[in-house]
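Please look over the sequence and the 3D structure shown here.

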Amino acid sequence: MQNGDIIQLGQRCVEHYLADDEFAALKSWQIYMGGLSVLEGDYHVARTLPQQHLVVFTVKGRGVWHADYPEFDYINTGDALFIPAGSPFNFKACLHQGWQTVWFILPAGGFWQSFPQQIKLIRSSTAIYDDVGQQCVKILQGMLQERFADDVLSQQMHQTYAQQIYILLKRQLQQLDEVVDLNVKRVQALFRQVALQPEQKWTVERMCQQCNYSRAHLFRLCQQTFACSPLQKITQIRMQKAGLLLKTTQLSIQQIADLVGYDNPFNFSTRFKQWMKVSPSQYRGLVEN
């Protein structure tokens with residue numbers, strides 16, 4: 001372990017591990033380790049510089065994932081989290097719901113060269129394949145039942161199970177870009193709606209509800225897609241609309257403020273000057289001249 005690493009499992013936490021040094025079949029498919037975890041109460045795991053990739057599927061309940069302190073996000077039932085080697089992570093179980101997971105540790109490179117270079121959180125609502133976590137649970141349970149068997153047929157079963165895990169994980173990775181594209185399209189559609197209705201009371205809470213995203217997930221998508229926060233994007237849309245109205249109409253400052261979502265024309269003028277470096281009246285004068 002490195003400085004800053006944390007492994008804290010309370011008495012109500014139960015984990016079952018399957019490692020490649022015990023199951024040769026896992027090693028043949030380049031899977032270092034898999035595990036089933038039932039986590040309740042006192043559970044906290046953090047790594048500052050992991051050397052392997054990590055995939056976590058939430059089977060039941062929810063986990064709390066601190067991506068960038070103090071920002072956090074929930075990993076809900078059906079969600080999948082892909083953490084590449086070298087990316088720090090910090091997990092806790094939800095105190096009220098507990099957290100049941102199935103997870104895999106994979107080597108960097110080799111069969112897993114297509115692993116994403118950045119952390120990816122795939123929501124169950126956007127997943128292309130359903131119940132992958134549940135399928136992995138059944139496979140690992142089958143391997144655990146065969147744990148101490150050493151006959152030829154059991155070894156063949158181990159190979160079959162390990163290959164199934166490999167196929168499920170590879171298929172998830174192949175579809176990962178499509179899921180990310182779907183998320184980008186969804187957030188782009190959200191802000192097209194904002195552009196069509198800038199006068200509406202757009203808040204982060206309203207946008208999260210509309211897209212079924214958490215605040216942290218919406219923030220990451222906006223940074224990824226627009227290189228700014230959700231509120232900054234709303235302001236950009238409103239200021240662009242205000243500039244267009246100042247150029248093309250003779251509406252008053254009060255009317256334009258109303259049309260772009262500001263009840264108070266003074267607040268609108270202040271924000272416009274911050275954005276455009278001139279006041280609305282000065283902007284209109286420059287355009288007319």
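The report below starts with confidence, then moves through helices, cysteines, strands and loops.

**Confidence**

This is a predicted model. The protein chain has an average pLDDT of 88. In this chain, 93% of the residues score at least 70. Confidence is highest in strand β9, residues 99-106, with a mean of 96. It is lowest in strand β10, residues 120-122, where the mean is 84. Where pLDDT is low, the predicted coordinates should not be read in detail.

Begin with helix α6, which spans residues 230-248. Its partner here is helix α8, residues 265-276. The two axes come within 10 Å of each other. They cross at roughly 95°. An angle of 65 to 115 degrees counts as roughly perpendicular, and α6 and α8 are therefore roughly perpendicular to each other.

Which residues of α6 and α8 meet? From α6 come Gln232, Thr235, Gln236, Met239, Ala242, Gly243 and Leu246. From α8 come Phe268, Arg271, Phe272, Trp275 and Met276. By class, this contact has seven nonpolar, four polar and one charged residues.

Is Thr235 buried or exposed? Its relative accessible area is 10%, so Thr235 is buried. Setting aside neighbours within four places in sequence, Thr235 contacts Tyr262, Arg271 and Trp275.

**A histidine in helix α5**

Next comes His217, which sits in helix α5. That helix covers residues 215-226. His217 has a relative accessible area of 5%, so this residue is buried. What does His217 touch, beyond residues up to four places away in sequence? The answer is Asp73, Leu121, Arg123 and Asn183.

**Cysteines without disulfides**

A disulfide is a covalent bond between the sulfur atoms of two cysteines. How many disulfides does a search of the whole structure find? The search finds zero. Take Cys208 as an example. The nearest cysteine sulfur to that of Cys208 belongs to Cys211, 7.8 Å away. A disulfide needs the sulfur atoms within 2.5 Å, and Cys208 is in no disulfide. Cys208 is buried, at 8% relative accessible area. Cys136 is buried too, with a value of 0%.

**A glycine in strand β3**

Now turn to Gly34. This glycine lies in strand β3, residues 33-39. Gly34 counts as buried because its relative accessibility is 2%. Trp103 is 69 residues apart from Gly34 along the chain. Even so, their C-alpha atoms are separated by 5.6 Å. Gly34 touches Trp103 and also His16, Tyr17, Leu18, Phe104 and Leu140, leaving out residues up to four places away in sequence.

**Loops around strand β3**

One loop runs between α1 (24-28) and β3, and Gln30 is found there. Trp29 is found in this loop as well. Trp29 is buried, at 19% relative accessible area, because buried means under 20%. Its contacts, apart from neighbours within four places in sequence, are Phe111, Trp112, Gln159, Ala162, Gln163 and Tyr166. Val14 is 15 residues apart from Trp29 along the chain. The C-alpha atoms of Trp29 and Val14 are separated by 26 Å.

Another loop joins β3 to β4 (43-47), and Glu40 lies in it. Glu40 is partly exposed, with a relative accessible area of 34%. Arg12, Cys13 and Gly98 touch Glu40, not counting residues up to four places away in sequence. Glu40 and Lys92 are 52 residues apart along the chain, and their C-alpha atoms are separated by 9.5 Å.

**Positive phi angles**

Gln30 is not a glycine, yet it has a positive phi of about 55°. Asn212 is not a glycine either, and its phi is positive at about 60°. Asn212 lies in the loop between α4 (204-211) and α5. Here are the two residues in a table.

| Residue | Phi | Relative accessible area | Class |
|---|---|---|---|
| Gln30 | about 55° | 25% | partly exposed |
| Asn212 | about 60° | 54% | exposed |

Conventions:
Residues are numbered from 1 along each chain as its sequence is written. This is a predicted model: local features need pLDDT of at least 70, side-chain atom pairs count only at pLDDT 80 or more; totals for chains, interfaces and linings use all residues. Side-chain values use heavy atoms; hydrogens and water are left out. pLDDT is the predictor's confidence in each residue, from 0 to 100. Helices (H or I, at least four residues) and strands (E, at least two) are DSSP runs, numbered from the N terminus. Buried means under 20% relative accessible area, exposed over 50%, partly exposed in between (1.4 Å probe, protein chains only). Contact means heavy atoms within 4.5 Å. Axes are lines fitted to C-alpha atoms, for helices over the stretch in contact, and angles run from 0 to 180 degrees between N-to-C directions. Angles under 35 degrees count as roughly parallel, over 145 as roughly antiparallel, 65 to 115 as roughly perpendicular and the rest as oblique. Ala, Val, Leu, Ile, Met, Phe, Trp, Tyr, Cys and Pro count as nonpolar, Asp, Glu, Lys and Arg as charged, and the others, Gly among them, as polar.
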